[in-house]
Amino acid sequence: MTFLAHLINGISLGSIYAIIALGYTMVYGIAKMLNFAHGDVIMIGCYVVFTTMSGMNLHPLLSVVLSVVVCTVLGIVIEKVAYKPLRKASPLAVLITAIGVSYLLQNLALLIFGAASKSFSSIVTLPPLKLAGGKLPISSVTIVTVIACLVIMAGLMIFIKKTKAGQAMLAVSEDKEAAQLMGVNVNGTISLTFAIGSGLAAIAGVLLCSAYPTLTPYTGSMPGIKAFTAAVFGGIGSIPGAFIGGILLGIIEILGRAYISSQLSDAIVFAVLILVLLIKPTGILGKPIHEKV
Amino acid sequence: MKKTDFKKMKETTKNQLITYAMVVIVYIIAQIMTATGSLSSLMQGLLVPLCIYSIVAIGLNLCVGYLGELSLGHAGFMCVGAFSSAFFTRCMENSALPEGLRFFFAIVIGILAAALFGFLIGIPVLRLRGDYLAIVTLAFGEIIKNVVNVLYIGRDAEGFHFSMKDTLSLNMAEDGDIIINGAKGITGTPHQSTFTIGVILILISLFVVFNLVNSRSGRAIMAIRDNRIAAESVGINITKFKLMAFTISAAIAGAGGVLYAHNLATLTALPDNFGYNMSIMLLVFVVLGGMGSFRGSIISAVLLTMLPELLRGLSDYRMLIYAIVLIAMMLFNWAPKAIEWREQHSLKDFIKAKRTKGVQ
């Protein structure tokens with residue numbers, strides 16, 4: 001029974017990773033860059049919910065919507081200011097800039113909200129579901145998280161398959177120049193990708209802080225890196241891959257924490273990343289990359 | 001041809017001499033100021049950290065500037081150097097070796113241990129490229145930090161005891177001495193790092209990297225950075241040269257770690273000193289100093305370590321300013337539009353021309 005409980009916790013954490021990983025995977029697929037600041041957008045989203053909910057007594061749902069809006073705008077601004085000018089520069093330069101943006105967001109939050117951790121009150125206040133005669137309680141946050149993850153995943157897949165904007169995203173990720181020649185607005189599509197990814201980051205942040213209720217300016221960076229691991233694990237650029245990678249990573253982390261060592265759980269997650277990259281660098285569902293000379 | 005070669009040689013030698021001279025002059029000035037008592041105790045306490053960060057920045061610059069691979073795990077190599085050397089010093093506490101020689105061996109061991117880790121980690125990591133390589137070095141750095149935090153090593157009459165759980169599971173005799181105490185780290189390392197030793201290590205590091213980058217191997221490393229496929233097709237052994245640069249870079253970071261360990265009474269592996277934040281801090285030094293310029297790395301490491309101490313009032317904004325400067329530097333240096341603008345408005349066109357010639 002405890003194993004089952006751990007498994008459910010793992011799936012819940014994995015769902016959060018999956019939502020964050022979506023942001024990474026979409027941006028990587030289209031802009032071919034690792035958006036290091038993604039984790040910190042999550043943290044900003046959390047702070048928005050925290051201040052509006054605890055400080056201004058807004059309805060939880062309203063503050064979540066507000067947070068999504070703020071993060072979406074933030075994502076677009078970051079892309080326009082920091083990444084767009086470097087689109088044709090070396091990947092190293094883009095990566096260092098992304099690290100700079102991440103650093104900037106963290107320190108901005110540190111200045112505005114202070115280093116002390118805030119205790120985040122969960123937005124989901126339903127009683128836990130008790131299975132197996134009360135022996136296996138599943139918290140309502142867990143259920144909401146998993147459902148949110150599934151809905152987002154399905155919605156995104158439909159969006160990409162069925163809408164024009166989604167098709168444009170696919171085209172840009174395949175070949176930017178060709179897409180432009182076919183009349184796709186490349187800049188707009190990239191902005192849209194950042195907007196969706198950052199909006200999802202806000203939702204992931206709220207779910208993360210509801211499950212693990214301490215909020216500091218560094219809240220986002222570790223889950224961000226782990227979610228990137230998940231995206232790589234599942235095959236970067238692939239949306240189902242992000243889902244599978246996220247869930248598997250969440251399960252590995254929770255089981256590792258429970259059965260191997262609680263202090264080494266981060267090390268275990270990173271060891272998984274290293275192994276995946278060495279054995280199958282393109283991840284579970286990734287397409288092989290061919291290098292052109 | 002010969003004439004230009006000679007000229008080029010002179011240019012690089014001059015450049016190297018300026019860097020050495022700069023370090024020595026700063027050293028002499030600092031010594032005089034200490035002797036006359038015009039250096040505040042705060043600044044005196046900063047002298048060794050300045051050396052530490054300069055050394056690690058030199059090492060990281062070799063990796064980022066010359067090898068062209070972004071390592072976010074150099075704090076991990078520092079950690080290896082720090083812990084292995086502190087472990088050695090603690091083990092040799094009661095030995096007959098004179099103190100100076102002991103510290104010398106500690107430095108050698110720290111450097112070798114970091115080099116070994118650099119080599120072992122480099123073998124798998126350097127097969128990857130770009131973003132993947134960066135994130136995997138970050139992962140290795142975090143793993144090193146995490147593992148050190150659960151490492152327990154003790155010694156008693158029977159020999160060494162090792163555990164990864166807690167001090168109780170070491171099963172030591174009562175008179176045993178716990179050397180590495182998990183998250184509490186190593187305590188009781190003597191305060192042996194001095195400014196003089198730090199400066200000597202900076203000079204040695206500079207000597208190593210200057211000779212490397214101006215050698216045949218160094219040119220091979222730069223060729224790999226500029227075009228991997230072209231370098232491979234002219235017969236350069238990519239793996240060998242990448243590993244060489246990465247290992248040397250890690251070893252230099254290890255030397256910085258040794259100084260770090262012997263500058264503090266208690267050595268612990270925290271996110272702030274050996275975690276990912278430290279790696280980013282080091283990267284900021286390298287980028288602001290100029291990728292590929294060792295002199296720049298030293299200057300920026302020194303300035304950025306000293307500034308917050310001098311401007312106490314600004315300390316809240318310091319990190320924010322770093323971040324903004326980092327982004328602005330990257331945009332100014334690398335954005336195609338900014339490069340174009342600079343080329344149109346630059347009076348220093350000839351310097352750029354010379355530099356591109358130098359790379360060839």
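Modeller: This is a predicted model. I will start with a helix pair in chain A: A165(A), A168(A), M169(A) and V172(A) of α6(A) meet V186(A), T189(A), I190(A), L192(A) and T193(A) of α8(A). By class, that contact has seven nonpolar, two polar and no charged residues.

Biologist: Why are α6(A) and α8(A) called roughly perpendicular?

Modeller: The axes of α6 (residues 164-174) and α8 (residues 186-211) of chain A cross at roughly 105° and come within 10 Å. Angles of 65 to 115 degrees count as roughly perpendicular, and therefore α6(A) and α8(A) get that label.

Biologist: Which residues of α10(A) and α11(A) make the contact?

Modeller: L249(A), I252(A), E253(A), G256(A) and R257(A) come from α10(A), while S265(A), I268(A), V269(A) and V272(A) come from α11(A). They divide into five nonpolar, two polar and two charged residues. Gly counts as polar, so G256(A) belongs with the polar residues.

Biologist: Why are α11(B) and α12(B) called oblique?

Modeller: In chain B, the axes of α11 (residues 276-289) and α12 (residues 294-310) cross at roughly 125° and come within 7 Å. That angle lies between the limits of 115 and 145 degrees, and α11(B) and α12(B) are therefore oblique to each other. α11(B) passes α12(B) in a right-handed crossing. F285(B), V286(B), L288(B) and G289(B) of α11(B) meet G296(B), S297(B), I299(B), S300(B), A301(B) and L304(B) of α12(B). These residues divide into six nonpolar, four polar and no charged.

Biologist: How do you know that β1(B) and β2(B) pair as strands?

Modeller: Pairing requires at least two bridges. Five bridges join β1(B) to β2(B), and the two strands run antiparallel. β1(B) and β2(B) also form a hairpin, with two residues between them.

Biologist: What joins β1(B) to β3(B)?

Modeller: Four bridges join β1 (residues 152-156) of chain B to β3(B), again with the strands running antiparallel. Y152(B) stands opposite N181(B) in β3(B). G154(B) has I178(B) as its bridge partner in β3(B), and H161(B) as its bridge partner in β2(B).

Biologist: Why are β2(B) and β3(B) called edge strands?

Modeller: The open sheet has three strands in the order β2-β1-β3 (chain B), with antiparallel pairing. β2 (159-163) and β3 (177-181) of chain B each pair on one side only, and those are the edge strands. From one strand to the next, the twist averages 20°.

Biologist: What makes chain B as compact as a globular protein of that length?

Modeller: The globule rule gives 21 Å for 360 residues; chain B has a radius of gyration of 22 Å, close to that value, so it is as compact as a globular protein of that length. Chain B has 15 helices and five strands, and its C-alpha atoms fill a box of roughly 75 × 55 × 40 Å along the principal axes.

Biologist: How does the radius of gyration of chain A stand against the value for a compact globule?

Modeller: A compact globule with 293 residues would have a radius of gyration near 19 Å, and chain A agrees, with 19 Å. Its secondary structure comes to 11 helices and four strands. The C-alpha atoms of chain A fill a box of roughly 60 × 45 × 35 Å along the principal axes.

Biologist: How do you know that chain A and chain B are in contact, and how many residues are involved?

Modeller: Residues count as in contact if their C-beta atoms lie within 7 Å. On that basis, 36 residues of chain A are in contact with 36 residues of chain B. On the side of chain A that touches chain B, α4 (91-113), α9 (221-234) and α11 (265-279) of chain A each supply at least two residues. The largest share, 14 residues, comes from α4(A). By class, this side has 28 nonpolar, six polar and two charged residues.

Notes
Residues numbered from 1 in each chain as written. Chains lettered and ligands numbered in written order. Predicted model: local features only at pLDDT ≥ 70, side-chain atom pairs only at ≥ 80, totals over all residues. Contact = placed C-beta atoms within 7 Å. Axes fitted to C-alpha atoms, helices over the stretch in contact; angles between N-to-C directions. Parallel < 35°, antiparallel > 145°, perpendicular 65-115°, else oblique. Rg over C-alpha atoms; globule rule 2.2 N^0.38 Å. Left-handed = near helix turned anticlockwise from the far one by under 90°.
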